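Have the viewer open and follow along.

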Amino acid sequence: MPTQPSKSLDTFPNPHPDRDYIIEIECPEFTCLCPKTGQPDFASLTLEYVPDRLCVELKSLKLYIWSYRDEGHFHEDVTNRILNDLVAVMRPRYLRLRAKFHVRGGLYTTVEVVHRQGDWEAPPPPPADLPREVQELPAKESMATAPTRTPVAKAIPASKARNPVRLTEPVRSPAPAPTRNPAPAPQPDTSDEPGTPASDRFRMLRRSRRQGPVPTNIVEEEDEPEEEQPVPVRKDGLFIGIDLGTTGCRAIAVDASGKLHGEMSAPIPTPPRNEDEVTQDPTVWWKAVTGCLQNLLKEIDPQRVQAIAVDGTSGTLLLCDAKGNPVTPAIMYNDRRAIEQANRIATLASKDSGAQGASSSLAKLLWLHERKLDKRAQFALHQADWISGKLTGKFGHSDYNNCLKLGFDAEKMAWPKWINKLGFNIALLPEVHTPGETLGIISAETANTFGLDTDVQVLAGTTDGVAAFLAAGPSEPGHAVTALGTTLVLKLLSEKPVFSLEHGVYSHRLGKYWLAGGASNSGGAVLLQYFKVEQMREMTPLLDPENFTGLDYYPLPDIGERFPINNPEMAPRLEPLPGNSVTFFQGMLEGIARIEAQGYELLEKHGAPALNKIYTTGGGSQNPAWGRIREKILRVKLDKPRSGHAAYGSALLAAGIVAKTFQ
């Protein structure tokens with residue numbers, strides 16, 4: 001470990017992850033520079049946190065604190081920056097950072113920021129005889145004579161084991177039950193006075209439980225805010241799923257049983273392409289979402305809406321400021337510019353990382369960083385993340401499905417340490433949530449725009465591929481979903497994750513299960529290069545699915561393949577040309593079906609369960625002749641999906657139905 005300032009924070013496994021307990025760290029000698037005058041600012045930092053899977057290593061923290069000594073920062077910014085970095089590497093259940101700056105010009109500034117996992121709730125106050133760990137950073141002999149705080153017990157008692165990967169249902173707080181001993185009124189914070197009981201210093205941990213995570217707003221010594229009222233439960237509640245695709249947006253409303261109550265769609269302009277670069281203006285997403293919601297809410301009662309969840313294309317990335325204003329165009333999922341950055345990531349990341357490849361959002365983030373396009377950015381977000389932020393007014397949140405290609409380790413539920421070696425500001429990384437976890441309440445402005453109640457919850461979403469899987473209805477290992485859209489996407493429900501960098505195989509987490517699969521560049525896009533939709537409809541009755549053409553095609557829209565062959569230089573194989581269009585069309589359909597079969601065989605070879613049921617979604621699922629061709633090649637009967645729209649899967653996520661199936 002270096003003995004000079006460093007922005008790297010090291011961690012070690014929490015030795016007791018089965019219980020909640022508090023670690024307090026004090027740093028009485030924090031120093032940074034005033035960005036206006038260049039004069040030093042001194043502060044005492046108090047860090048209190050409840051670890052989840054990881055604890056921060058103290059020497060690395062000491063060197064990290066030291067790294068601010070010659071940097072200019074405003075008090076408010078540096079306090080939030082430190083908290084963001086700590087949350088990024090530890091993902092604690094609860095963390096509070098209090099920075100008390102020493103007098104300057106007759107003024108004292110105290111900044112306090114808080115992080116809380118959305119699914120974590122503070123236990124009741126502990127007995128007075130439990131131990132509390134107090135750590136000091138840095139240790140100095142000069143502090144030996146300083147007054148010390150009374151080591152009054154305040155560790156939180158052991159709680160039931162938590163399942164950090166459980167898909168959660170939307171939080172529906174019941175009406176508060178009468179308590180035998182009502183909580184006393186909040187008392188003034190005297191946490192800096194010697195001898196103050198630790199339970200009083202950490203009183204924020206005992207506040208009434210709220211809907212969603214506690215916001216990490218700056219709080220200067222003020223009275224505690226009024227408690228939010230519980231969200232009322234409606235038996236006739238409706239739940240909305242929003243799906244953002246490449247060229248369109250769809251919104252679907254369902255009830256608690258999954259019954260469809262409304263559906264609307266809106267177009268999105270095709271992203272412009274400049275050789276390897278494919279970008280899109282994020283504002284067109286919000287315009288499409290606005291149109292979908294406004295039309296959908298004309299078909300249903302807006303007052304019945306209880307929750308909303310959003311899915312979007314996997315790997316699409318944009319940078320935005322603290323208010324959500326985009327500072328870069330969105331780099332789309334199929335953008336291939338970041339090859340050099342992907343090669344650099346490959347030297348650090350494990351072969352199991354979803355961040356491998358030029359299509360990963362991490363490679364795109366590194367590309368933006370190396371061109372200094374992230375200087376004005378506060379957050380790196382995916383398509384679904386940004387739309388969810390537009391709904392709540394709070395940005396910087398994502399889910400572990402979208403963050404897979406940003407490098408998040410969904411198996412360990414943490415950001416890997418090697419990301420620190422890439423050199424970009426890790427504070428850009430979003431806070432990661434479980435799909436279906438409450439992100440917050442819809443903003444008052446958004447509620448007013450759409451005529452919704454102000455207590456509508458916005459839940460962490462997922463990728464469009466995972467949402468399409470949920471919509472189809474699979475429920476057991478061995479069940480699979482093939483999406484025949486612009487590309488060919490396979491997902492197979494597995495009891496363990498499956499990875500193969502060589503073949504483009506990766507796994508998304510889904511509660512206690514995993515979705516093993518991959519995405520081929522083959523699919524509807526290559527068909528549309530040769531035929532219009534009307535032509536394909538006219539030729540379908542003329543196809544002969546019982547007799548194959550013998551054409552050995554590997555249809556690709558352009559050079560490059562991802563899965564089941566991972567080769568960016570692979571060329572399409574569409575020769576020899578037959579004498580008529582119908583045979584050529586059938587040969588292409590057979591070729592795509594063989595790619596599908598090869599993909600499922602590859603998944604089973606690497607540890608996924610044997611394929612026993614396939615649901616099909618996407619535009620290609622409407623072609624009965626293609627369905628018969630696929631059945632013969634796959635040797636598995638195709639089942640009709642519950643819904644073919646990813647928005648329906650997001651609606652099920654919003655309704656909590658997904659949690660009941662996969663938790």
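## The big picture

Accessible areas here come from the Shrake-Rupley method with a 1.4 Å probe, and for residues only the protein chains shown count as cover. On that basis the accessible surface of the protein chain comes to about 29,200 Å², and 51% of that belongs to carbon and sulfur atoms. This is a predicted model, in which local features need pLDDT of at least 70 and side-chain atom pairs count only at pLDDT 80 or more, while totals for chains, interfaces and linings use all residues. Residues are numbered from 1 along each chain as its sequence is written, and side-chain values use heavy atoms, with hydrogens and water left out.

The protein chain has 15 helices and 26 strands. Both are DSSP runs numbered from the N terminus: helices are H or I with at least four residues, strands are E with at least two. Of the 663 residues, 55% are buried; buried means under 20% relative accessible area, exposed over 50%, and partly exposed in between (1.4 Å probe, protein chains only). Among contacts (heavy atoms within 4.5 Å) with a separation of 6 or more, 73% are between residues 24 or more positions apart.

Let's start with an open sheet of six strands, in the order β10-β9-β8-β13-β20-β19, with mixed pairing. Its edge strands are β10 (260-267) and β19 (438-441), each pairing on one side only. Neighbouring strands of this sheet are turned by 20° against each other on average, direction ignored. Two strands pair if DSSP finds at least two bridges between them; β8 (residues 238-244) and β13 (residues 305-312) do so in the parallel sense over six bridges. Phe239 stands opposite Ala307 in β13.

Helix α9 packs on the sheet, touching β8, β13 and β20 (457-463), and its direction makes about 100° with that of β20. Helix α14 lies across β8, β9 (248-255), β13 and β20, running at about 140° to β8. How do α9 and α14 cross? The axes of α9 (residues 464-472) and α14 (residues 646-655) come within 7 Å and cross at roughly 80°. Axes are lines fitted to C-alpha atoms, for helices over the stretch in contact, and angles run from 0 to 180 degrees between N-to-C directions. The two helices are therefore roughly perpendicular to each other, a label for angles of 65 to 115 degrees (under 35 is roughly parallel, over 145 roughly antiparallel, the rest oblique). Where they meet, Asp464, Ala467, Ala468, Leu470 and Ala471 in α9 touch Ala646, Tyr648, Gly649, Ser650 and Leu652 in α14.

## A covered strand and a covered helix

Strand β22 (residues 488-494) is mostly covered, with seven of its seven residues buried. In a regular strand the side chains alternate between the two faces of the sheet. β22 has antiparallel pairing with β21 (residues 479-484) over five bridges and with β24 (residues 513-520) over seven bridges. The bridge partner of Ala480 is Leu492 in β22, and that of Ser494 is Trp514 in β24. β21 and β22 form a hairpin with three residues between them.

Helix α7 (residues 383-392) is largely enclosed by the rest of the structure, because nine of its ten residues are buried. Trp386, Ile387 and Leu391 are among the buried ones. Gly393 follows α7 with a positive phi, near 85°.

How many disulfides does the structure hold? The count is zero, taking a disulfide as a pair of cysteine sulfur atoms within 2.5 Å. Cys27 counts as buried at 5% relative accessibility, and Cys320 is buried at 0%.

Most residues other than glycine have a negative phi, and most peptide bonds are trans. Lys372 has a positive phi of about 55° and is exposed, with a relative accessible area of 59%. Arg635 also has a positive phi, about 60°, and counts as exposed at 77% relative accessibility. Lys372 is in the loop between α6 (361-370) and β16 (379-382), and Arg635 in the loop between α13 (624-634) and β26 (638-639). A cis peptide bond joins Phe563 and Pro564, with omega about 0°, and the bond from Glu575 to Pro576 is cis too, with omega near 5°. Pro564 lies in the loop between α11 (533-539) and α12 (581-605), and Pro576 is found in the loop between α11 and α12 as well.
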